[in-house]
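Thanks, everyone. Let's take a quick look at aromatic rings today. Please bring up the structure.

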Amino acid sequence: MFALTNVVRDYAWGSRTAIAALLGTEPSGGPEAELWMGAHADSPSIAATPEGPVALDQLIAEHPLTTLGQEALDAFGAKLPFLAKLLAADTALSLQVHPTLERARERFAAEEAAGIPRDAPHRSYKDDNHKPEMLFALTDFKALCGFRPCAEAAELFRAVGACIAATGAPVPELLQQVEMTLNSRMAAPMVVRRAFETLVHGGAESAELLNLAVPALSAEAAAGKKLPPALATVLELAVQYPGDPGVLVSLLLNRVSLVPGEAIYLPAGNIHAYLNGLGLEVMASSDNVLRGGLTGKHVDVPELLEIVDFTPNAVPLVPTRVSELGQHLWEPPFTEFTLQRVEIAPDSEPVPLLQNGPLLVLSVSGAVLLDSPRSDMVLGRGSSVFVPAAENPVMVHPHVDAAGETSVVFAVTCGAFTS
C-alpha cells in the first residue's frame, strides 16, 4: 500500500472551506475547488514508496501487472482507469459535456496533428479518453443535468414571458420563438436542439432577453412571490455569469437537488453544470471537457453540438446496493469504476473492500486499519492510499486512533469485469 499526497486545484468557483472541513486540514486561504486522487498525467498523486516519493502514473507504468492486475491491464492498458476528486463548488461550474471514447480519440489525434499545445487555452481535447462520471453528494448538492421534457421547458419560458409582460415591457421575439419551438410537434431531440441553438447563437437578442428577464424575475421575488427553483437558478446564474446565454439554457435542463448519499451518473453526451455543494466525483481518467457557457474558459459550441444528446431524459440517479459483506455500493453503468462506502464502529467486525484490480481509498472520519496479506496501514481522517491489485483482499478494521467514533472510508475500484 502507498500513502498518497494529492493535488488541490484552486479554480475560482471553489469553496475556501468545504474540503478542509471534511478532511480536518487547515484551509489554504484560497479557493479549494478539486482534490485530485489518481494517476492522470496533469495532476498525479504522489505515492510514498520505500525508495522515496513517486508520481502514481510513473509507479503504475513501471509495475503495471502488480499495480493494476491482469484483468484491468487487459481492459484498459497500463494506466489507472479511474480518477477520483473531491469537488467543492461555491458557484456554478461551466455548462459542459464529455465525448465518447471514439470521438475523444479522433479529435485528440486531430489536435495533436495540428500542433496545438496540450496546455493551450483554446484546446478542447487534453487526452484521448472519454470521461463518463458520477457525482456522489457529501452535502446537499445542486446541479443541472440533462434535458427536461419539452412541455416543462416551454412552461418555464412562458412564465419568464409573463414576468416580463407584467413590467410593461414587450416580450422579446426570441423568447416567443423558443417557446413556440418547444411546443412544436417535431421529435423531441430536434425540438430541444433547435431551442438550444436559438439561445446559444442568439447574440444581442439573447443578451436583450436576459436584460429584461433578470429584473422582471427579481421584481417577482421582491414582491414576495416564491419563484420555482428553475427560475431562481436563472437569477443566481445571472449574477455569477452576467450576459451569458448559458443562463437561459439552464431552463432547458433538469435541476437536481441531491441530499448526502445520493448520486447521479453522467454518460457521454449528457450536458450538465454543477451549481453548488460538496461531492465525491468519480470518472474515467480524463480531463476532456467541451464547454458551452457559464465560464471564462474556452467555449467550443460547434464541437459541443456534435456531442450533446438532446433527448429529454429523467435524472440518472445511481441506486445504492448494500452487499452481504457490508459495503454500500454505487455502480453506474461504466466499466471503469465502482464507488463503495464502508462504515466501521469501534466494536465492529472487519469489513473487506470490494476490489476489482487496484483501489483508491480515502478516509473522511475517524481512523481505520487497512490490512492485506502483504502489508497494513493506519488511515486517519483526511488520508488516502493506493492499494495495488496484488494486495488482495483488503480488510478494514476499527482502530484505536478513532477514539471511540465511527469511522468512514470511501474506496474506488474498477467496475465488474466481464468475460
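First, one term. Buried means under 20% relative accessible area. Keep in mind that this is a predicted model.

Now to the rings. A pair of aromatic rings is described by the distance of the centres and the angle of the planes. Rings count as a pair if their centres lie within 6.5 Å. By that rule, there are nine aromatic pairs here.

Let's start with Phe-147 and Phe-196. Where do the two residues lie? Phe-147 is in strand E9, residues 141–147, and Phe-196 is in helix H8, residues 188–200. So the pair ties together parts 49 residues apart in sequence.

Are these two buried or exposed? Phe-147 is buried, at 1% relative accessibility. Phe-196 is buried too, also at 1%.

Phe-147 has another partner, Phe-310. Here the centres are 5.5 Å apart and the planes are at 25 degrees, so this pair is stacked. Phe-310 sits in the loop between helix H12 (301–307) and strand E14 (320–322). The pair therefore ties together parts 163 residues apart in sequence. Phe-310 has a relative accessible area of 5%, so Phe-310 is buried.

Next, a cluster. Ring pairs link Phe-136, Trp-330 and Phe-410.

Last topic: charges over rings. The charged end of Arg-9 sits over the ring of Trp-36, 4.0 Å from the ring centre. Lys-297 places its charged end over the ring of Tyr-11, 4.1 Å from the centre.

That's it from me.

Terms used. Residues numbered from 1 in each chain as written. Predicted model: local features only at pLDDT ≥ 70, side-chain atom pairs only at ≥ 80, totals over all residues. Heavy atoms only, no water. Phe/Tyr/Trp six-rings, centres within 6.5 Å; stacked < 30°, edge-to-face > 60°. Helix = DSSP H or I, 4+ residues; strand = E, 2+ residues; numbered from the N terminus. Buried < 20%, exposed > 50% of the residue type's maximum accessible area, 1.4 Å probe, protein only. Lys NZ or Arg CZ within 6 Å of the ring centre and 35° of its normal.
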